[in-house]
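The sequence and structure follow.

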Amino acid sequence: MTEEDFEYVLAKISKKICKQDTYMRKAVTARERLIITLRFLATGESFESLQFLLRVSSSTIRKIIPRVCNVLIEELADYVKLPETEQQWLEVSHRFEERWQFPHAIGAIDGKHVRIRKPTFSGSLYYNYKNYFSIVLLAIVDADYNFMYILAERAEFQMVVSLETLKFMLNSKKKN
């Protein structure tokens, strides 16, 4: 992420993630909150590891990351969207051919199991075939690595259901 991109994202979300200083303590700044979240998302480091690196307690990090992620989703939703018209799909395909010499491609897709702690009372819902608890993150990008689609599901569904969801979504857009 470039510095300009970071500053742009920070400006968009800072009002929603900042906290006030009190007499008891100084609040973690919006900049620090975004850095913590991006570091976690980029590396997958544990909260305990991040606390030593960023000098913020793991219990605070545990609260910061979900809040900042929710605000990022709200504020940046317009940047993650599938093409809606045939012309837009053709432009994506043309860009793949132009940039990567890969004709007839309309996206690059990948998925990853993101390890999580076992949610309370979840049984085996989040347990995957790799023998740990996770959610499945599925993403589709265009030729320039811009996200067009992101889906996070329970591991129970695996990629097959995620792809079925995508297929259903694509078909329903065709009808509209």
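Helix axes are lines fitted to C-alpha atoms over the stretch in contact, and the angles between their N-to-C directions run from 0 to 180 degrees. The helices themselves are DSSP runs (H or I, at least four residues) numbered from the N terminus. This is a predicted model, in which local features need pLDDT of at least 70 and side-chain atom pairs count only at pLDDT 80 or more, while totals for chains, interfaces and linings use all residues. Residues are numbered from 1 along each chain as its sequence is written, and side-chain values use heavy atoms, with hydrogens and water left out.

| Pair | Axes come within | Crossing angle |
|---|---|---|
| H2 (residues 30-43) and H3 (residues 47-54) | 11 Å | roughly 135 degrees |
| H2 and H4 | 9 Å | roughly 90 degrees |

H2 is therefore roughly perpendicular to H4, whereas H2 and H3 are oblique to each other. In these terms, angles under 35 degrees count as roughly parallel, over 145 as roughly antiparallel, 65 to 115 as roughly perpendicular and the rest as oblique. On the H3 side, Ile35, Ile36, Arg39 and Phe40 of H2 meet Phe47, Leu50, Leu53 and Leu54 of H3, where contact means heavy atoms within 4.5 Å. By class, this contact of H2 with H3 has 7 nonpolar, no polar and 1 charged residues. On the H4 side, Arg33, Leu34, Ile36, Thr37, Phe40 and Leu41 of H2 meet Ile61, Ile64, Ile65, Val68, Cys69 and Leu72 of H4, and the contact of H2 with H4 comprises 10 nonpolar, 1 polar and 1 charged residues.

**Cores and a buried serine**

A nonpolar core is a set of buried Ala, Val, Leu, Ile, Met, Phe, Trp, Tyr and Cys residues joined through side-chain atoms within 4.5 Å, and buried means under 20% relative accessible area (1.4 Å probe, protein chains only). The largest nonpolar core has 19 residues, of which Ile13, Leu34, Ile36, Ile61, Val68 and Leu72 touch the most other members. Helix H1 (3-17), H2, H3 and helix H4 (58-75) each supply at least two residues of this core, and H4 gives the most, with 6 residues. Leaving aside neighbours within four places in sequence, Ile13 is in contact with Leu34, Val68, Val71, Leu72 and Glu75.

Ser58 lies in helix H4 and is buried, with a relative accessible area of 15%. Not counting residues up to four places away in sequence, Ser58 touches Phe47, Glu48 and Gln51.

Definitions and conventions: Ala, Val, Leu, Ile, Met, Phe, Trp, Tyr, Cys and Pro count as nonpolar, Asp, Glu, Lys and Arg as charged, and the others, Gly among them, as polar. Buried means under 20% relative accessible area, exposed over 50%, partly exposed in between (1.4 Å probe, protein chains only).
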